[in-house]
Amino acid sequence: MAQSWLALLVALVGVVGTLSAALVTQVRADRVKRLEIDTLRGQHAEDRAHAERMRTLELADAHEQRAEARQAEARARLRACYVAFNAAARQYQTAQVNVVHALRAGTDVTVSEYVLSALEEARTVFRASYAEAQMQLPGPVLAAASAVSRRLNDHYGVLKKSLAETPRAPVPPDCEQRVQSAWVVLTELRRTMRRDLRIDDAAP
């Protein structure tokens with residue numbers, strides 16, 4: 001009888017041991033699985049965070065590139081405006097000097113009319129260029145451009161008066177000096193433009 005109970009107890013312990021081993025194995029397997037899932041989730045989260053950081057950097061870089069492109073385009077437009085206005089002002093001044101030379105030489109009516117036509121054309125181009133410049137030039141450059149505009153337009157009025165006289169008298173010496181002096185303000189305008197464009201200007 002005792003041996004039967006002993007055998008039964010041994011069998012029961014064996015069954016319990018087997019079941020316990022299976023249970024422990026299953027628990028361990030579940031724990032390993034959870035760890036793998038957690039690790040995978042963490043890796044996915046890191047990947048998403050990295051991808052988000054990269055996208056943010058790419059967007060920032062693209063935004064910076066667009067901003068730089070806009071600045072470069074605006075600078076190119078400003079430079080083109082400077083070139084056009086400087087050229088128009090110098091052409092206007094040259095046309096005035098040519099009128100002075102024609103009046104001083106006492107040339108005939110045909111040549112004088114040709115010179116006057118060139119003066120009017122240069123004035124028209126200058127006025128259009130100045131109107132555009134007023135919308136683009138920064139303060140210091142606009143101040144220099146305005147000084148040029150006033151000087152050239154004042155001289156234009158004096159020359160037109162001399163051209164309207166009948167018979168045409170030689171241009172007064174002081175008028176010729178005033179017209180020639182406009183080169184000074186044109187030179188200052190050019191220097192102001194070059195400084196704004198950050199171009200080293202060692203030329204007179």
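1. Let's start with a histidine. Leaving aside residues up to four places away in sequence, H155 touches Q96, R178, V179, S181 and A182, where a contact means heavy atoms within 4.5 Å. H155 sits in helix α3. With a relative accessible area of 3%, H155 is buried; here buried means under 20% relative accessible area, exposed means over 50%, and partly exposed is in between, using a 1.4 Å probe and protein chains only.

2. A quick word on the ground rules. This is a predicted model, so local features need pLDDT of at least 70 and side-chain atom pairs count only at pLDDT 80 or more, while totals for chains, interfaces and linings use all residues. Residues are numbered from 1 along each chain as its sequence is written, and side-chain values use heavy atoms, with hydrogens and water left out.

3. Now the overall layout. Helices (H or I, at least four residues) and strands (E, at least two) are DSSP runs, numbered from the N terminus. Of the 204 residues in the protein chain, 25% count as buried. Among contacts with a separation of 6 or more, 78% come from residues 24 or more positions apart.

4. The protein chain exposes about 13900 Å², and carbon and sulfur atoms supply 60% of that. Accessible areas come from the Shrake-Rupley method with a 1.4 Å probe; for residues, only the protein chains shown count as cover.

5. How many salt bridges does a search of the whole structure find? The search turns up five, a salt bridge being a side-chain nitrogen of Lys or Arg within 4 Å of a carboxyl oxygen of Asp or Glu.

6. R55 and E52 pair up through their side chains, at 2.1 Å from N to O. The two are three residues apart in helix α1 (residues 2-105), so about one helical turn separates R55 from E52. Both count as partly exposed, R55 at 43% relative accessibility and E52 at 37%.

7. E73 and R77 form another salt bridge, with 3.2 Å from N to O. These residues are four apart in helix α1, so again about one helical turn lies between E73 and R77. E73 is partly exposed at 47% relative accessibility, and R77 is partly exposed with a relative accessible area of 47%.

8. The side chains of K160 and E120 also meet in a salt bridge, at 3.3 Å from N to O. This pair links distant parts of the chain: K160 is in helix α3 (residues 139-164) and E120 is in helix α2 (residues 109-136), 40 residues apart. K160 counts as partly exposed at 29% relative accessibility, as does E120 with a relative accessible area of 24%.

9. Last, a charged patch. Which residues form the negative surface patch? They are E58, D61, E64 and E68. Patches are made of residues with over 30% relative accessible area and no salt bridge, with like charges joined within 9 Å and nonpolar side chains (Val, Leu, Ile, Met, Phe, Trp, Tyr) joined within 5 Å. Lys and Arg count as positive, Asp and Glu as negative, and His and the chain ends are not counted; the charge is placed at NZ of Lys, CZ of Arg, CG of Asp or CD of Glu. E58 lies in helix α1 and counts as exposed at 52% relative accessibility.
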